[in-house]
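Biologist: Hi! Could you walk me through this one while I have it open?
Modeller: Happy to, here it comes.
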Amino acid sequence: MSGFGDPPPDLDRPGFGTPAAAGDDPPTAPAVPPAPVPESPAATARVSARVNGELRTAEVEPRTLLSDCLRHQLGLTGTKVGCEDGTCGSCTVQLDGEPVLACLTFAIQVDQAQITTIEGLPPGRLQESFHEHHALQCGFCTAGMLLTLDAYLREHPEPTDAQLKEALAGNLCRCTGYAPIIEAVRNR
Amino acid sequence: MKPAPFEYVAVDSWEAAVAALTDDAQVLAGGQSLVPLLNRRLLRPTRLVDINGIPGLIRRTDGVLRIGATVRQAALERSVVAEHWPLLRQALRHVGHPATRSRGTVGGSVAHADPRAELVCALTALDARYETTERVVEGPPVLAPRELLVRIELPPLPPGAHTAFVEHARTRGDFADAAAAVVLAPHHAAIAIFAAGRAARRAPAAERALRDGATVAEAAALAAELVDGDHPRALVAEVTRRALVQAGHA
């Protein structure tokens with residue numbers, strides 16, 4: 001395969017640049033048969049969860065991380081994967097309303113749970129305020145920031161700057177220097 | 001990275017958990033320490049026994065607080081019952097981040113036995129007792145194979161007690177280089193400290209001195225004598241001093 005010119009094979013798979021057509025195809029119907037599981041001691045399991053208000057089902061190995069299941073099997077690529085060891089907070093989603101790190105949760109554990117990803121967070125003042133205050137540049141951390149903030153602000157609607165910094169300490173941002181993010185929350 | 005393949009067994013009772021534990025199995029509680037190790041393949045268990053289905057309760061009976069091992073750290077942080085032991089919340093604020101505390105369990109912190117665990121330091125100052133599937137012990141238990149931590153018990157605080165938890169960490173939410181947990185009441189003083197990679201322990205000399213009317217600086221210096229090295233000693237002296245001041249020592 002040359003370095004140029006070969007079109008990537010699967011740019012049009014659901015969620016890869018193009019939004020998944022809602023309700024069109026079954027969420028887990030892959031274009032190719034699922035990869036065989038070599039020498040795995042573990043059989044796959046069927047997991048059903050309410051993701052962004054919609055009942056979704058996926059066939060997962062026990063070791064499949066929730067972050068990978070959301071991105072690769074359900075096509076919800078708004079959830080970003082940074083460090084995969086719980087340091088960066090990029091993959092934060094809400095599990096039954098609580099912020100959790102999708103890279104430290106196995107998909108098999110969320111059977112029958114409610115999951116909210118950035119795709120399911122209703123547009124609102126917080127997002128507008130992020131936009132107005134330039135609280136993102138590359139945007140990689142933004143989904144995790146918003147889901148962490150959404151859960152935190154529900155319980156603490158009027159946080160001080162110090163409390164906000166504490167609440168966001170688990171979400172790393174390498175672009176903004178955080179000040180615009182704090183500013184955005186304060187002026188939302 | 002991704003974890004190596006493993007077999008997954010979910011259980012809903014301690015008996016079933018013990019029965020499911022094979023030689024090469026790991027217990028999956030909140031997973032906030034275990035899953036990073038699995039993701040980096042530093043651990044490759046053949047089986048994970050998921051104990052998240054075992055209900056964990058926070059109860060207070062006869063003044064004694066009982067915390068089930070599978071209680072989430074976030075649940076303990078919010079618990080109205082546990083408010084009578086404010087040191088728990090003071091320490092939990094420093095345990096990871098909101099997103100790790102909503103999965104991480106109280107029992108997991110103890111069983112994982114990282115020497116820099118804030119929660120264990122607080123429990124040590126609170127005279128916690130630990131109930132496992134096999135025995136009841138006074139200090140944090142060293143679990144045998146197929147032994148599981150079931151419950152943590154805290155005696156009531158003495159009347160008029162004030163508590164404080166202070167730590168020094170390079171970044172917020174990271175494990176601390178040094179920490180002090182303090183309980184002060186009339187005729188009662190408890191100090192637990194950790195530093196320099198050694199697990200939390202009480203500072204009996206400093207506690208005795210406080211009961212005999214020692215100043216903050218004297219007590220902090222006595223607590224610092226427990227650790228080796230100039231820097232760790234300076235850190236322990238300072239976090240102990242701050243904790244004693246926060247707990248209202250004159």
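This is a predicted model: local features need pLDDT of at least 70, side-chain atom pairs count only at pLDDT 80 or more; totals for chains, interfaces and linings use all residues.
Biologist: Good to know. Into which domains is chain B divided, then?
Modeller: Chain B has domain 1 (7-50), domain 2 (58-154) and domain 3 (162-246). The C-alpha centres of domain 2 of chain B and domain 3 of chain B are 20 Å apart.
Biologist: And how many residues does each of those two put into the contact?
Modeller: Domain 2 of chain B contributes 17 residues, and domain 3 of chain B contributes 21 residues.
Biologist: Which elements give two or more residues to the domain 2 side?
Modeller: Those are helix H4 (86-92) and helix H7 (118-125) of chain B. H7(B) gives the most to the side of domain 2 of chain B that touches domain 3 of chain B, at six residues.
Biologist: Nice. Switching to chain A, what's the secondary structure there?
Modeller: Chain A has five helices and five strands. Along the sequence, the pattern in chain A reads β-β-α-β-β-β-α-α-α-α.
Biologist: How much of chain A is buried?
Modeller: Of the 188 residues in chain A, 40% are buried. As for contacts in chain A with a separation of 6 or more, 60% are between residues 24 or more positions apart.
Biologist: What does the domain assignment give for chain A?
Modeller: It gives domain 1 (45-119) and domain 2 (125-186) in chain A. Their C-alpha centres lie 21 Å apart. The contact takes 16 residues from domain 1 of chain A and 11 residues from domain 2 of chain A.
Biologist: Which strands supply at least two residues on the domain 1 side?
Modeller: Strand E3 (92-95) and strand E4 (98-101) of chain A each do that on the side of domain 1 of chain A that touches domain 2 of chain A.
Biologist: Now the helices. At what angle do H2 and H3 of chain A pack?
Modeller: Helix H2 (residues 125-132) of chain A packs against helix H3 (residues 142-155) of chain A at about 135 degrees, and the axes are 11 Å apart. Angles over 145 degrees would count as roughly antiparallel and 65 to 115 as roughly perpendicular, so H2(A) is oblique to H3(A).
Biologist: Left-handed or right-handed crossing?
Modeller: H2(A) passes H3(A) in a right-handed crossing.
Biologist: Which residues meet there?
Modeller: From H2(A), Leu126(A), Gln127(A) and Phe130(A) meet Thr142(A), Leu146(A), Leu149(A) and Asp150(A) of H3(A). This contact of H2(A) with H3(A) has four nonpolar, two polar and one charged residues.
Biologist: Last topic, the two chains together. How many residues does each bring to the contact?
Modeller: Chain A brings 26 residues and chain B brings 26 residues. On the side of chain A that touches chain B, E4, H3 and helix H4 (161-167) of chain A give two or more residues.
Biologist: Which of them gives the most?
Modeller: E4(A) does, with four residues on the side of chain A that touches chain B. By class, that side of chain A has 12 nonpolar, eight polar and six charged residues.
Biologist: Great, thanks!

Key: Residues are numbered from 1 along each chain as its sequence is written. Chains are lettered from A and ligands numbered from 1 in the order in which they are written. A residue is buried if 20 or more other C-beta atoms lie within 10 Å of its own, exposed if 12 or fewer, and partly exposed in between; C-beta atoms are placed from the backbone. Two residues are in contact if their C-beta atoms, placed from the backbone, lie within 7 Å. Domain bounds come from an automatic or database domain assignment. Axes are lines fitted to C-alpha atoms, for helices over the stretch in contact, and angles run from 0 to 180 degrees between N-to-C directions. Angles under 35 degrees count as roughly parallel, over 145 as roughly antiparallel, 65 to 115 as roughly perpendicular and the rest as oblique. A crossing is left-handed if the near helix is turned anticlockwise from the far one by less than a right angle, and right-handed if clockwise. Ala, Val, Leu, Ile, Met, Phe, Trp, Tyr, Cys and Pro count as nonpolar, Asp, Glu, Lys and Arg as charged, and the others, Gly among them, as polar.
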